[in-house]
Amino acid sequence: MGSWTRMQRMVSLTVGAVGGAAGFWYASRQWNQRQVYASWTTNFEVSKCGKWDYNWDHRDPRSLVEPVGDNVDPVVQNRYNEKLDKKRTRVTRHLILVRHGQYNMDGRTDAERYLTEKGRKQAACSGERLKQLGFDFDKIIRSTMTRAQETAKIISGSLPELKLHDDAMLEEGAPIPPEPPVGHWRPEVSQFFEDGARIEAAFRKYFHRAEPDQKQDTYTLVVCHANVIRYFVCRALQFPPEAWLRISLGHASITWISVMDDGRVTLRTLGETGHMPKELLSR
């Protein structure tokens, strides 16, 4: 009888140990799961504005060819595919955005806001950097404001084969009321109304996928202003455009954006100034 009792106790202890281990494992698992579910990366649902719109430039081939529906005749389907193929591009457009160099902040008129000596050196450094990259640039497009005109002219000294093209749409301005707002910088609502439409029009003019007949990648230099570039970056990446003022860009900095053949956009470089010596850095 004593042996049987001891056996029962051993079984009870064994079962209790197994049950305790199982209970500990279950409790630990539940705790770990709560940790995982509470984390930002795994318990995050993509918002509507976070989903990529492949037809952001209204050049998605599927939006340019009338659909044929499902279960159609093979001949009709082939014709649809051929039309779709003709609208597709197979190359990438690269836009290299350069902010102007440091300028005379005391100037009251645009003509008086010319580059400082430091600003000219900054532009020269960026010109050499762009030359070293070895890209087959097609042209330089510049804002019509004095500081951008001078910066582009200096850069062209390193890339003398490129023609300079002026575009007033790229002038500095207030694109959209920023969020969060900045206390010391509050333009009139009318300024956002006027500048915003112009800067948005400039974005639509330059940011889009390549034309279907384009045979190779292109690299276009655009010399303009910090507000314009920051707004362009937000719009190109489909970020909330009102976030533009959260980005800081140095004078004569280089920003590189690529528009892929399928409508995706990649920010390769944002405000690069690593090619400049420390004494030339400024914002």
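The following dialogue explains how to read several features of this predicted model.

Q: Which conventions apply to residue numbers and to the values for a predicted model?
A: Residues are numbered from 1 along each chain as its sequence is written, and side-chain values use heavy atoms, with hydrogens and water left out. The model is predicted, and local features need pLDDT of at least 70, side-chain atom pairs count only at pLDDT 80 or more, and totals for chains, interfaces and linings use all residues.

Q: How many helices and strands does the protein chain have, and what pattern do they follow?
A: Helices (H or I, at least four residues) and strands (E, at least two) are DSSP runs, numbered from the N terminus. Here the protein chain has seven helices and six strands. Along the sequence, the pattern is α-α-α-β-α-β-α-β-α-β-α-β-β.

Q: What share of the residues of the protein chain counts as buried?
A: Buried means under 20% relative accessible area, exposed over 50%, and partly exposed in between (1.4 Å probe, protein chains only). By this rule, 39% of the 283 residues of the protein chain are buried.

Q: Which residues have the most contacts inside the largest nonpolar core?
A: In soluble globular proteins, nonpolar side chains tend to be buried together. A nonpolar core is a set of buried Ala, Val, Leu, Ile, Met, Phe, Trp, Tyr and Cys residues joined through side-chain atoms within 4.5 Å. The largest one in this model has 27 residues, and Leu97, Leu170, Phe207, Phe232 and Ile257 have the most contacts inside it. Two or more residues come from each of β1 (93-99), α6 (189-206), β4 (218-224), α7 and β5 (254-259). Helix α7 gives the most to this core, with seven residues.

Q: How is a pair of aromatic rings described, and how many aromatic pairs does the structure hold?
A: A pair of aromatic rings is described by the distance of the centres and the angle of the planes. Rings of Phe, Tyr and Trp (its six-membered ring) pair if their centres lie within 6.5 Å; planes under 30 degrees apart count as stacked, over 60 as edge-to-face and the rest as tilted. The structure holds eight such pairs. One of them joins phenylalanine 135 and phenylalanine 137 edge-to-face, at 5.9 Å centre to centre with 75 degrees between the planes. Phenylalanine 135 is partly exposed, at 21% relative accessibility, whereas phenylalanine 137 is buried, at 7%. Trp56, Phe203, Phe207 and Phe232 form one aromatic cluster.

Q: Which arginine residues lie over the rings of tyrosine 103 and tryptophan 256?
A: A charge sits over a ring if NZ of Lys or CZ of Arg is within 6 Å of the ring centre and within 35 degrees of the ring normal. The charged end of arginine 147 sits over the ring of tyrosine 103, 4.3 Å from its centre. Over the face of tryptophan 256 lies arginine 268, at 5.3 Å from the ring centre.

Q: What lines the largest pocket?
A: On a 1 Å grid over the protein atoms alone, a pocket is an open set of points where a 1.4 Å probe fits, with protein on both sides within 12 Å along at least five of seven lines; lining residues have an atom within 4 Å of a point. Grid points are joined across faces, edges and corners, and a volume is the space filled by probe spheres set on the points. The largest pocket holds about 570 Å³. Its lining has 21 residues, with Arg99, Tyr103, Glu172, Asn227 and Arg230 nearest its centre. Helix α7 (residues 226-236) gives the most to this lining, with three residues. In composition, the lining has nine nonpolar residues (Ala, Val, Leu, Ile, Met, Phe, Trp, Tyr, Cys and Pro), six charged (Asp, Glu, Lys and Arg) and six polar (the others, Gly among them).

Q: Which peptide bond is cis, and where is proline 180?
A: The bond from glutamate 179 to proline 180 is cis, with omega near 5 degrees. Proline 180 is in the loop between β3 (164-166) and α6.

Q: Where are histidine 58 and glutamine 238 found?
A: Histidine 58 is in the loop between α1 (2-38) and α2 (61-64), and is exposed at 59% relative accessibility. Its phi is near 55 degrees, a positive value in a residue other than glycine. Glutamine 238, in the loop between α7 and β5, also has a positive phi, near 60 degrees.
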